Structures are given as C-alpha cells and as structure tokens.
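Please look through the sequence and the model before reading on. The report below takes the helices and some individual residues in turn.

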Amino acid sequence: MHALVIDDSRSMRMILARILRGAGFEITEAGHGQEALDHINGGLRPDICLIDWNMPVMNGYEFVTQVRKVREWRDITLMMVTTESEHSQIVAALAAGAHEYVIKPFTADAILDKLELLG
C-alpha cells in the first residue's frame, strides 16, 4: 500500500508518515497540491492521499477536485487532514470527492481508525 501525504508543514508530513509507516504504508510526500498532482502525473498511483486544506500553490480542496476529474484516478482514496472545521467546508470536501475528513489536532488512533473504516 502506498500513501501520498500532502501538507505544506514538513513536521505534519513527518508525523503522518510515521503513523502510516507503522500501518505498513510506503510514503511519498508533497508540500502542496500541485506537487502531489505532479507525482501522480509522473506515474505514482497512491492507494490513499492524506491532504491538508490550506497550502500554497494548490490547496487541498483544489487537489481533490482535480483528482476527481480524471477517470483513471477515481479509485484513489482521499482523506482530508486539516484544521478547517467549518461544517460547510467539511460538506464541500466530501461533495468534491473526499472520502473522509479528520480535523487537526488528531491522535494516531484517529488516523488509524479512519484508515480501518476506509478498508
């Protein structure tokens, strides 16, 4: 299993990568949505993407909408992991194609529970 961790915070990428490695994932990191799209366009096929909302260049919501436009990428599981807690933003992300939504701060167990829920 391969995970793409997308967050402009290096420390947050490291925290999420550590949790995911412990669950058996290989990890690729990206500092913003465009960098993540570049990885996928380059041939990376992650099983799951963990995506921050607020990032430079391309934010997480824009990344989700771009991924969902490509038929071949529709099987990629998308999970928002963000400080954005407004109900309208959660609804927007899920409507755009995110499968799950985790609000920061989170525990490792919260991430692992969501992963288990997603299968």
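What follows is a description of how parts of this structure pack together.

## About the model

This is a predicted model, in which local features need pLDDT of at least 70 and side-chain atom pairs count only at pLDDT 80 or more, while totals for chains, interfaces and linings use all residues. Residues are numbered from 1 along each chain as its sequence is written, and side-chain values use heavy atoms, with hydrogens and water left out.

Helices (H or I, at least four residues) and strands (E, at least two) are DSSP runs, numbered from the N terminus. A residue is called buried under 20% relative accessible area, exposed over 50%, and partly exposed in between, using a 1.4 Å probe and protein chains only. A contact means heavy atoms within 4.5 Å.

## The buried side of helix 2

Helix 2 spans residues 33–41, and within this helix G33, A36, L37 and I40 are buried. These residues cover an arc of only 100° around the axis, which puts them on the same side of helix 2; the arc is that of the directions from the helix axis to the C-beta atoms. An α-helix has 3.6 residues a turn, so residues three or four places apart point the same way.

The buried residues of helix 2 are covered by elements that include strand 1 (2–6), strand 2 (26–30) and helix 3 (60–68). Just after helix 2 comes G43, which takes a positive phi of about 115°.

In helix 3, the buried residues are G60, F63, V64, V67 and R68. Seen down the axis of helix 3, they fall within an arc of 125°, so they line one face of the helix. They pack against strand 1, helix 2, strand 3, strand 4 (77–82) and helix 4.

Two packed helices are described by the angle between their axes and the distance between the axes. Here the axes are lines fitted to C-alpha atoms, for helices over the stretch in contact, and angles run from 0 to 180 degrees between N-to-C directions. Angles under 35 degrees count as roughly parallel, over 145 as roughly antiparallel, 65 to 115 as roughly perpendicular and the rest as oblique. A crossing is left-handed if the near helix is turned anticlockwise from the far one by less than a right angle, and right-handed if clockwise.

The axes of helix 2 and helix 3 come within 9 Å and cross at roughly 25°, and the two helices are therefore roughly parallel to each other. Their crossing is right-handed, and in it G33, A36, L37 and I40 of helix 2 meet F63, Q66 and V67 of helix 3. The residues of this contact divide into five nonpolar, two polar and no charged, where Ala, Val, Leu, Ile, Met, Phe, Trp, Tyr, Cys and Pro count as nonpolar, Asp, Glu, Lys and Arg as charged, and the others, Gly among them, as polar.

Helix 3 also packs with helix 4 (residues 87–96), at an angle of about 20° and with the axes 9 Å apart, and these helices are therefore roughly parallel to each other. The crossing of helix 3 and helix 4 is left-handed. Y61, V64, T65 and R68 in helix 3 meet A92, A93 and A96 in helix 4, a contact with five nonpolar, one polar and one charged residues.

## Helix 1 against helix 5

The axes of helix 1 and helix 5 come within 10 Å and cross at roughly 55°, which makes helix 1 oblique to helix 5. The crossing is right-handed, and the contact is made by L16, I19 and L20 of helix 1 and A108, I111, L112 and L115 of helix 5. By class, this contact has seven nonpolar, no polar and no charged residues.

## Backbone details in two loops

Most residues other than glycine have a negative phi, and most peptide bonds are trans. V57, in the loop between strand 3 (48–51) and helix 3, has a positive phi near 70°, and V57 is exposed, with a relative accessible area of 65%. The peptide bond from K104 to P105 is cis, with omega near -5°, and P105 is found in the loop between strand 5 (100–103) and helix 5 (108–118).
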